[in-house]
There are 2 protein chains.
Amino acid sequence: MSLATASRVLNGSSRTVADSYRERVENAAAELGYTANISAQATAKGTSSTIALLVADIADPYFGIIAAGVMRGADEAGLVVTISVTERDDERELRLVRALRGQRPRGVIFAASRTTEVPSGGLQRELDAVISAGGQVVALGPGITSARSILIDNRGGARALGEALKQNGYDAAVVLGAPEGTYTSDERIAGFIEGFGEAGQVAVLRDGLTRVAGERAMARALGDGVPRGTVVFAVTDVVALGALTALRNAGRAVGSDIALAGFDDIPASRDVTPALTSVRIPLEDIGYAAFRAAVDDEWSAPEPMALEVRLRASTPRRSGG
Amino acid sequence: MSLATASRVLNGSSRTVADSYRERVENAAAELGYTANISAQATAKGTSSTIALLVADIADPYFGIIAAGVMRGADEAGLVVTISVTERDDERELRLVRALRGQRPRGVIFAASRTTEVPSGGLQRELDAVISAGGQVVALGPGITSARSILIDNRGGARALGEALKQNGYDAAVVLGAPEGTYTSDERIAGFIEGFGEAGQVAVLRDGLTRVAGERAMARALGDGVPRGTVVFAVTDVVALGALTALRNAGRAVGSDIALAGFDDIPASRDVTPALTSVRIPLEDIGYAAFRAAVDDEWSAPEPMALEVRLRASTPRRSGG
DNA sequence: TTGTAAGCGTTATCAG
DNA sequence: CTGATAACGCTTACAA
């Protein structure tokens, strides 16, 4: 029989094939362990079955959980996901996207924390190229206008956290954030200040969004002197974990002496002692939503994902006020 | 000029091209934002530029860090890595490998904790197919004979841990492991018993290798009664973290009352209080080694990776003995 | 060094 | 419903 008929039964073509043929083809395929070559399919169809995911660091559970959500969607849809690591380096990111374009991906998802600024001219050109090749661009957070954006209410979540802490009796705060211009960090800091009180009791320290940066920043703050009863807000749980280490090294008791709160609510934040106050983000759902945005024909921007403050032992209620 | 010359300059062909042509091609490519279609390249060359990585759970930092190592290698070599999640389900794994074969991957890396048993007939057939399509199969741990194996001295590490704990004055232990047949778990349990003493002071409880399984198993053990001064050895840090939760819920003081040790030394184990005793595995290096095994022409099995016991506050030295 | 043309494994169009 | 056959975008002998 002809190649054409075989092809028709093996890929889910709409055309129907007589059962006798269909059966013969299926048996033969099974016997020979035949699997369609997806590269060839891609060249023939002119459209690949790949979703490209960009993360800052795959070893970071924050991105790992998002990736899990993306991959759940891809699995359901029979698509393949390739992952690349930007290391939070814009130039590297640009190179990666250019290389990724060679895959003619169905979609590219930016999960890496990008900066507030619009993409550089170079990046924008690459994104346009992705789109004109038929791919969807998806971003977590705004900033990329040519992308479908999954929005997270960072500001609202941080505001709620600030309010809750204020109500728990705290009146002075140190914020550990990223350098100005990092969108997520900026939003969280702004929201926190709104909620905690514009009175000006808030000192902001800026460093990276990694564990070691958190440790470093906290140590620096301690060097400058942090009075008892202050609450430290790290814009990320990972940063908070670093701060926790610095506080311990300095012999400060977290909770009773200095309070500590993070953001993201990654699993590790529940394991530390005292358990870390944080703001829960539905990361897995976000990954899944990003996948849908990458593949759905019809799509309308969903409501920003709601966040939830989780008060834990690291920020006990202050008796004195 | 001809397509052929263009092709020769764009892909790193060995053939040389006159500089005037080369320049013209490069300029044109840059101007048009042209990027070679790697699917088409793959069909033409008959060999793809993909490495397929299989992990049990990408949200688990253990696998995340391994993935980071694999991706570092792939990045250096200009290869793409696709990740799939087995969820520790053999049937699912089989389906995944079959689907992955369609990519004609240059290599497939099994990082997912596999069982002791040889692969099922079905899986073995798929692996043979991968190999006869020119792909390398790489496995973390033994069991897959047709694969290049990256070996970890789980047994030796666990033995060293057992010895160290014994010397610290412990003489009764509870082990939290996976069901019999899970290779890594079995090795670690056996090693621990060798080191801690064959006297028979060791009770083994078996459940899954997840956090919730650890919590469940520990709760069960506590229900049966665990005397003061016992050390609990969880075959995985993730399991130990679950156990830690159960111990806290039961009001038992970790360290002074019951000691706790894990394995893998994931970052989270240093953040908990008391810090968790564990056995360090160079996960990132292992990922990188797995990548090399997948792509190098010449390869000889390296020495098993050496592990290192990290004694921390969760297993203090017992004064009484 | 460059061009021509065959071929890679599929899919899709268009007649039978 | 089935079968030729021309694409798909690229590589690579083989000639020129």
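This is a predicted model: local features need pLDDT of at least 70, side-chain atom pairs count only at pLDDT 80 or more; totals for chains, interfaces and linings use all residues.
**A tour of DNA strand C and the two protein chains**

A residue is near the strand if one of its heavy atoms lies within 4 Å of it. Of the atoms of DNA strand C that come within 4 Å of the protein, 69% belong to sugar and phosphate.

Residues are numbered from 1 along each chain as its sequence is written, and chains are lettered from A in the order in which they are written. Local features need pLDDT of at least 70, side-chain atom pairs count only at pLDDT 80 or more, and totals for chains, interfaces and linings use all residues, while side-chain values use heavy atoms, with hydrogens and water left out.

Next, select Tyr34(A): one of its polar side-chain atoms lies 2.7 Å from a phosphate oxygen of DNA strand C.

Now display helix H3(A), which gives the most to the surface near DNA strand C, with 5 residues. Helices are DSSP runs (H or I, at least four residues), numbered from the N terminus.

Finally, show both chains: chain B can be laid on chain A with an RMSD of 0.1 Å by a turn of 180° and a shift of 0.0 Å along the axis. This is the relation of a two-fold axis. Copies are superposed by least squares on the C-alpha atoms of residues with pLDDT of at least 70 in both.

How values were computed: A polar contact is a pair of N or O atoms within 3.5 Å; within protein, one must be able to donate a hydrogen and the other to accept it, and residues adjacent in sequence count only if both atoms are side-chain atoms. Helices (H or I, at least four residues) and strands (E, at least two) are DSSP runs, numbered from the N terminus.
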